[in-house]
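Subject: Structure handover

Hello,

My notes follow below it.

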Amino acid sequence: MLTTNLSWDVRAVAYHAGNVYVGGTFQNAGGNGNADFLAKWTGTSWQTACNGSPLTATVSALEIVGNTLYVGGSFANGAGLATADFLLACDLTTGAPSSTVLADNDIGAAVVALTADSDGVLYAGGQFINMDGITGADHVAYYDGTWHRMGGQHAVGGIVYSLAASGLDVYVGSGDGGINIGGLAKADHVARWDGAWHALGSDTAGLEDGSTHSPSPTA
């Protein structure tokens, strides 16, 4: 009977061209001393998923766009690259690692969620402030070859823990502080982005915009 031989948590999974990519808190996947925190299952063995030095801390999110694997987490110097703190890109054909930013500390804090829309635009969420040095690109930003703020400055006031995409719509989930996302009174902890912010339903008090009473309960 095959065993996965993973020593600890798996927190993200992605699939591409017959290979399963996993990230988490494990080290030495399948006994491979270089498969720490990120590994590839080929169907028969555990292998490294990206060239360069093994990662040194937790991987929380994986997303594949085209032939590139994006890896988000709490690690520094991903694959040995000084600029690949918290987010690493890896070419799935060559294994070559790269960074999405030019300078060290340009991301600044953990990336814990990733998704991509139908145009192949990457979205990242997490603890970071001023992604790639962009004022107000806090907790969530998108990447189409360069990083961009989503709406006005400080649109999301709390850590973004989860992202999902449907077509060009991206759904953003936030924790404490994620109130009035994009300045919308009803957009508490979750909102939809399609180039602008949109609320989903009522606010945390159950109130609609401009109302003073909670909606009547339904049977």
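Which side chain of opposite charge is nearest to Asp106, and how many Å away is it? That side chain is Arg149, 15 Å away. Asp106 is buried (under 20% relative accessible area; exposed is over 50%, partly exposed in between; 1.4 Å probe, protein chains only), yet has no salt bridge. For charge, Lys and Arg count as positive and Asp and Glu as negative, while His and the chain ends are not counted. A salt bridge needs a side-chain nitrogen of Lys or Arg within 4 Å of a carboxyl oxygen of Asp or Glu.

First, the ground rules. This is a predicted model, where local features need pLDDT of at least 70, side-chain atom pairs count only at pLDDT 80 or more, and totals for chains, interfaces and linings use all residues. Residues are numbered from 1 along each chain as its sequence is written, and side-chain values use heavy atoms, with hydrogens and water left out.

Back to Asp106. The residue sits in the loop between β8 (97-98) and β9 (111-116). Strands (E, at least two residues) and helices (H or I, at least four) are DSSP runs, numbered from the N terminus. Setting aside neighbours within four places in sequence, Asp106 contacts Val101, Asn130, Met131, Asp132 and Gly133. Contact here means heavy atoms within 4.5 Å.

Now the salt bridges. The count comes to 3.

- Asp9 pairs with Arg11, with the closest N and O atoms 3.4 Å apart. Asp9 is partly exposed at 34% relative accessible area. Arg11 is partly exposed too, at 47%.
- Arg192 pairs with Asp169, closest N and O atoms 3.3 Å apart. Arg192 lies in β15 (190-193) and Asp169 in β14 (169-174), so the pair ties together parts 23 residues apart in sequence. Arg192 is partly exposed at 22% relative accessibility, and Asp169 is partly exposed at 23%.
- Arg192 also pairs with Asp194, closest N and O atoms 3.2 Å apart. Asp194 is partly exposed at 38%. Shared partners join Asp169, Arg192 and Asp194 into one network.

Last, a sheet. Four strands form an open sheet in the order β1-β2-β3-β4, with antiparallel pairing. Its edge strands are β1 (10-16) and β4 (46-47), each pairing on one side only. Two strands pair if DSSP finds at least two bridges between them. Strands β2 (19-24) and β3 (38-41) run antiparallel and are joined by 4 bridges. Val22 stands opposite Ala39 in β3.

Best wishes
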